[in-house]
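Please read them alongside the sequence and the coordinates.

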Amino acid sequence: MSSVSNVTLAACVFMTVTCLVYSSNAQGPGIGSIDLGPIEPDFPIRTCSPRCENGFCVGGRCLCQPGFTGRTCSNTIITVCYGGCANGGTCRYGSCSCRPGYSGSSCQIPSCSPSCANGGTCVSGKCRCRSGYSGSYCQTRVCTPSCRNGQICILGQCRCPRFLDGPEPLGISEPGVPEIDLVPFYPAVCCSRSCLNGGTCIGYNRCRCRSGYSGQYCQTKVPSCLPSCANGGTCVSGQCRCRSGYSGGYCQTRVCTPACQNGQICILGQCLCPRFPDGPVPLGISEPGVPEIDLVPFYPAVCCSRSCLNGGTCIGYNRCRCRSGYSGQYCQTKVCAPACRNGGTCSNGKCNCRTGYTGSYCQTRTCSPACRNGGLCTSYGTCNCRSGYTGSYCQTRTCSPACRNGGTCTSYGTCNCRSGFSGSYCQTRTCSPACRNGGTCTSYGTCNCRSGFSGSYCQTRTCSPACRNGGTCTSYGTCNCRSGYTGSYCQTRTCSPACRYGGTCTSYGTCNCRSGYTGTYCQTRTCSPACRNGGRCTSYGTCICRSGYTGTYCQTRTCSPACRNGGTCTAYGTCNCKSGYTGTYCQIRSCSPSCANGGKCVSGKCRCTYGYGGSYCQTKVCRPSCQYGQVCISGRCQCPRFLDRQVRGLPGRPGSQEPERLPIYRPVCCSKSCLNGGTCIGYNRCKCRSGYSGQYCQTKVCSPACRNGGTCRNGKCVCKKGYYTGSYCQTRLCSPACRNGGTCTPYGTCNCRSPYTGSYCQLSPTCYPRCENGGTCIRNNRCSCPSGFTGSRCQNAVQTACRVRMEIHDMTQAQRQLYIDTYKTAYGQPALRTLLRSHAINFAAGIHTRNQFLPWHRWFILELENILLAVNSNVILPYWDWTLHSAAPWSAPLWGSASHWYGGDGSGSCVTTGPFRSGQFSLVSGGCLRRDFDLTETTPSALVVNDILSTPVSSFNDFELRVRGELHDTVHCRIHGTMCTLDAAESPDFFLHHVFIDKLWADYQARSTAHHDAHFSSLGSAMTAAGGHSAQDMIDLNNQPGGVCVRYEQPSSSTARQLRRALSRVAPSVIAKRVSCQPQSLDVSRAVQQGQELFRVSASERSRLSSLVSKQVCRSAMPGQAGPSGARTTATANLGFDLNTLVSLANAK
């Protein structure tokens, strides 16, 4: 049986034989081919002519194996569904078999089940109902507009029944709708006609009119502007006079000033250029007080979002007809005239010439390198040199006259002479080495020495007269004397060692010492007179006395320790203390008189017991001290009130039997303390702080006062039960209470949590079909799945194995080659080309804004990865960690020219090396892949990234802005070329960069649960052109759409491991002060400005970004930082900062 080709995975069944067929690209037995073995059917076999190739002959006809067709089974059936089947669809013979509720070539379009009724149309799996109908499949008749003024909707009509005496039959029915028999209530407030001009229905057909209107239904206008003029308009003679930018009867409509041009239309005051080729499309644009604009009912064939520049004219959708000399989508590019020659390229109207050419249009041939030293460049590109110079570009100087005696001519036109010769052309013989010490060189090359010198080049000094007593003559002509002798020629005897302290050396070499000194060289001092009382004489001639003695020769007795506090030492060594002190050395202070009432004397002062005071504890005191005007009487704080009476019980003065009198009347005194911060202002009268009352401010009052009939109790308002609530009964309660977490507004209405609705949030969402595997319905037709399941109905089990994304330099050569080959194969398939173009189409549709940038691009790279896996199941997207090459990003191995790397720079033009070079790879939009590395700039360093990842979760907006504006936009436009255009996604470099940006978000999420769910957990609406997925769907890498699990592997190089460990242990504030780095500017570089313009960073975001990036992340510039060996390490050179210092700081922790 022949092999089965081009089959990815199919099941084949024939008669009683079942097999599995795997990819024909694999090698080995049983893989890529199938052998069913002999088959012996139980019926006569007729032969087939021609012979069956991939099937069996049955009854004279070929019965083909699955995957083949045709008369002889020679034609292959495509069994692969390119792009894969979405939403649980299954691939059968090249096309997707969709589950109920989905349709389309890849089951990507949700369909409506059951079908939409009453003329509704199915849009993205939901029914869009005709006016007058609603419900999940338009089954319910509704009133449009909604019933107001107490009316109820009965079969699409707003009615106002009035049944006083109980339920009455209505007798209203409609085909297919059950008859409505009874209305079991009496609407007390209902108006058959709407109250006009802002009136409010307050009874049966009774309206309360707004100021300026009257009549039963407020239909009569009283001269004034009603409704009131909006948006700052002023009312003049009953009509609104609107401010610039607004129009309408009451200035409710926003207009565009100046008027829109280039085919644009005005929507909410903005000139927009929508493009809706297939009919009206909902815009969803609204403004407070302005009805929502749902549809734009036309397609503008000629409309330009930006003005055509340089005199261009708009002729189509974002297409300009340019004047001569300009080109580009908006005529923004100046072209060169005449055209650049000899391979020159045009940039901003000027020719950039190739090496070897110059001129306004590269018409002139140049010499490269340029002719030097006055040489002239010929028309053939060669140099014509002046006399005295030679070489291909006149760089070599010639010598004239020629060098003699073997001398050589240097590049400077001078002679380099051999040893023994000198002169401008080596004509003079020299002494080598040169004669020293004034010697002269003879014509024979020998030295004639001066007196006092000798040697072949007069280098040796001679001594005159000769050295005596065994001294030796040095090379300097001086004598080096033996020990014991000195003098210019060693003629004098010396003492060794030399005599000290004024001693003199005799002619015999001995010392004669002065009085008071002794020893061989007078080194010992003697004491005079001798030390007494056991004192010892030192080598300095002073006495060291024993304890208890002092004086020059220890003659005086002392007190030990010394007497304190003015005490004097007696001749017997004892202290004589001053009055008030005692103790062996007068160290103890005594109290006089003695302390009373149990007080203790401490350091000469009395320490009194509780309740007593005074210098010797003689007075009874109050503890704590009296306040509020009270006085202390016999140890108690009291508030007396007497004018002329003598007070008994007061203690008298010391030595007196008479009690003290209190001859005054204290008008400000409170017997009890004023509470809660009150102040005593009279006799038992307190001034209370706001919020308190009572004689002593003991009662708390309610502030502000209780409203709506509430009563104040202990400073809190007790509100009427069931009607009001709040700290002062200011809030109306909702009746019945709001359910399912809804909150009651101040107007007594419920504000419901998603996904609940109803007057008191009692209505829960419905999902059809129902959620499976324990999922819960969180909004209409949307399920929240439990752990382990995913899908619109939680029908898919989450994959247990994660896709592991690696740094591209950590991959093996074979892995990189497989990835690049698979990418190039998939690049030619419709699924990938459609995906890449969607990025350009939606470039300015919100995918680069805060709410979508990170989750939308996570979805985008997941879609690409799914397409690559459909081509080869062994391929996972890699990433490029450009922080590991920050200081030299363009020298990274990634840009190598081998087939397993990405190729190099295109210098503003097509890439000419590597697997994506011109001729081997072309963009979806046409043309070659271009690169223009910003060689003067670097990529952001690991210190910058670490600082961004350290942003607290409370400042998530700053984190997202720095990732988007400081990292993402900058690297895009430092690679430049295709990467810095609307077609950036078509560059293979795009995904290396964006997968790393996604990894940085994943690293930030891994810091905590709050970091993981920051910002995007509340965004449940569908993102732009993302298959209906929301930002919420993309948060968890362990549960991506389709149950996919993704994990990022950290770079494995030793530098990367050192860096991760150090950054985890050293705070960014310490790094900023201690680690030096190369400067990185984000304010003036071409890449930053172009990136911000391309990705439309707003002015406010640019201002905020500028303040954030000005933060210092390292020390000043690193001019040749040295490593341990004395030279900059490779890691330091690549990272752009001093890794050694950072590691040292981490090790010190």
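Helices (H or I, at least four residues) and strands (E, at least two) are taken as DSSP runs, numbered from the N terminus, and two strands pair if DSSP finds at least two bridges between them. The model is predicted, so local features need pLDDT of at least 70 and side-chain atom pairs count only at pLDDT 80 or more, while totals for chains, interfaces and linings use all residues. Residues are numbered from 1 along each chain as its sequence is written, and side-chain values use heavy atoms, with hydrogens and water left out.

1. Hairpin of strands 3 and 4. Strand 3 (residues 55–58) is paired with strand 4 (residues 61–64) by four bridges, in the antiparallel sense. V58 has R61 of strand 4 as its bridge partner. Two residues lie between the strands of this hairpin, and G59 has a positive phi near 65°.

2. Hairpin of strands 73 and 74. Strand 73 (residues 679–682) and strand 74 (residues 685–687) run antiparallel and are joined by three bridges. Opposite T679 stands K687 in strand 74. This hairpin also has two residues between its strands, and N684 adopts a positive phi near 55°.

3. Helix packing. Helix 1 (residues 813–827) packs on helix 3 (residues 853–871) at an angle of about 100°, and the axes are 9 Å apart. Helix 1 is therefore roughly perpendicular to helix 3, a label that covers angles of 65 to 115 degrees. Axes here are lines fitted to C-alpha atoms, for helices over the stretch in contact, and angles run from 0 to 180 degrees between N-to-C directions.

4. Residues between these helices. Y819, T822, Y823, T825 and A826 of helix 1 meet L864, I867, L868 and V871 of helix 3, where contact means heavy atoms within 4.5 Å. The residues of this contact comprise seven nonpolar, two polar and no charged.

5. Overall content. The protein has 13 helices and 88 strands. Of its 1149 residues, 33% are buried, meaning under 20% relative accessible area with a 1.4 Å probe, protein chains only. Among contacts with a separation of 6 or more, 34% are between residues 24 or more positions apart.

6. Confidence. Mean pLDDT, the predictor's confidence in each residue from 0 to 100, is 80 for the protein, and 84% of residues reach 70 or more. Over residues 289–299 pLDDT stays under 50, and the model has 29 contacts beyond four places in sequence for them. Residues 1119–1128 also stay under 50, with 16 such contacts. Where pLDDT is low, the predicted coordinates should not be read in detail.

Methods:
Parallel < 35°, antiparallel > 145°, perpendicular 65-115°, else oblique. Nonpolar A, V, L, I, M, F, W, Y, C, P; charged D, E, K, R; others polar. Buried < 20%, exposed > 50% of the residue type's maximum accessible area, 1.4 Å probe, protein only.
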